[in-house]
Amino acid sequence: MTVSLGQGLIISLFAIIAGADFWLEGFYIFRPMIVCTITGLLLGDLKLGIIAGGLTELAFAGLTPVGGTQPPNPIMAGIMTVVLAYTTGHNPATAIGLSLPFSILMQYIVLFYYSAFSLLTRKTIEYAGKAETKKFTWIILAPTFIVALTYGIFTFLCVYAAQAPMSNLVNAMPGWLSHGFEIAGGILPAVGFAMLLKNMLKNKYVPYLLLGFTAACFIKFGNLMPVAVIGVALAMIEFARAKKDRDTNEKLREIEQNSNSGGDNDGI
C-alpha cells in the first residue's frame, strides 16, 4: 500500500491542527488514540487506525513531561504507527517501535522551539508596556503558527515524500530485527500502563484492578464492552460511597462545631 499525494496533504493538514492543539493543550486531539484513528480513517483503513490507537495510547499513557525531560512526541508516534503499518504491511505492534525515531526527532524540534521562543519574552514585555496590542498579539500567536506549520511540513516529508525509501528500509530489515521491533512494540503498551499505575494506583483500588484483570483475561467475551460496563459500575459505586462518606463527615463536623460553640438556649 502507498500513500497518495492527496492523502499525504490531508494528513499533514490534520497534523497542523493536532500540532497547534498539542502546543496549546486545548482539546487534547493530539492523543495517540485520536491521532491514529483519524489517520487510519484518512488512509481508508479505520480498523487499523483504531487498533494502532489503542496500542499507542497505552504506550503513552504514563509518559508525561517532567521538568526538562520530554517523552517522544505523541502526534508523530500516532501518525507514523498507522502509516508504517499501512505501507509496509507490518502489524501495529511492530510499527510502534518503528515510529519512535520519527517521534523522538519531532520532540527534539519542539524542544528547540521551547528554547528559541524564550527570546521573544523581552519583546512581549516591551509591547505590553507600550500597549501595542497588535504587535503583542502577533508575537504571542507567532510561535503557535510556526510550530503548527512545522508539524505539517515534517509530517508530509515522512508520510509522503520519504515513503518509498522508508518502506524499502523497513522491508530490507532481517527477520530477527523486525521480530525484535514487534516484541518491543508489544511490550511498550504494558510499560506505559505500568507507569500510569505507578503514579495513580492506590492500595484501596487494587481489588478493582484484580477484578478487571481477571474478567478481561479469564472470562470469554466477544469484546471488552462487558469489562468496560463493569468498570463503570464499580466507579459509580465508589463515587456514591465517597459522596456518602463526605456528607457524613460534614454532618459530624457541624455537630462538633455546635457542641463546642454552645447553643442559643443553653444559658451560656
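Is K135 buried, exposed or partly exposed? I read K135 as partly exposed, with a relative accessible area of 45%, where buried means under 20%, exposed over 50% and partly exposed in between, computed with a 1.4 Å probe and protein chains only.

Basis of the entries. I am working on a predicted model, in which local features need pLDDT of at least 70 and side-chain atom pairs count only at pLDDT 80 or more, while totals for chains, interfaces and linings use all residues. Residues are numbered from 1 along each chain as its sequence is written, and side-chain values use heavy atoms, with hydrogens and water left out.

Salt bridges. I looked for a side-chain nitrogen of Lys or Arg within 4 Å of a carboxyl oxygen of Asp or Glu, and the structure holds five such bridges. One of them joins K135 to E132, with the closest N and O atoms 3.7 Å apart; E132 is partly exposed at 24%. In another, the side chains of K243 and D247 meet at 3.4 Å, N to O. These two residues lie four apart in helix 11 (residues 225-261), so about one helical turn separates them; helices here are DSSP runs of H or I with at least four residues, numbered from the N terminus. K243 is partly exposed at 39%, as is D247 at 29%. I also noted that bridges with shared partners join K123, E126 and K130 into one network. Within it, E126 and K130 meet at 3.3 Å, N to O, E126 being partly exposed at 31% and K130 exposed at 51%.

Aromatic rings. I paired rings of Phe, Tyr and Trp (its six-membered ring) with centres within 6.5 Å, planes under 30 degrees apart counting as stacked, over 60 as edge-to-face and the rest as tilted; the count comes to seven pairs. F112 and Y113 have ring centres 5.9 Å apart and planes at 50 degrees, so I log the pair as tilted. F112 is exposed at 54%, whereas Y113 is buried at 13%.

Nonpolar surface. I found a patch of about 510 Å² made by F136, W138, I140, L141 and F145, taking nonpolar side chains (Val, Leu, Ile, Met, Phe, Trp, Tyr) joined within 5 Å, from residues with over 30% relative accessible area and no salt bridge. I140 sits in helix 7 (residues 133-161) and is partly exposed at 42%.

Cysteines. I searched the whole structure for disulfides and found zero, the criterion being a pair of cysteine sulfur atoms within 2.5 Å. C36 is buried at 0%, and C158 is buried at 8%.

Note on methods
Patch = residues over 30% accessible without salt bridge, like charges linked within 9 Å, V, L, I, M, F, W, Y side chains within 5 Å. Areas by Shrake-Rupley, 256 points an atom, 1.4 Å probe, with all protein chains shown as cover.
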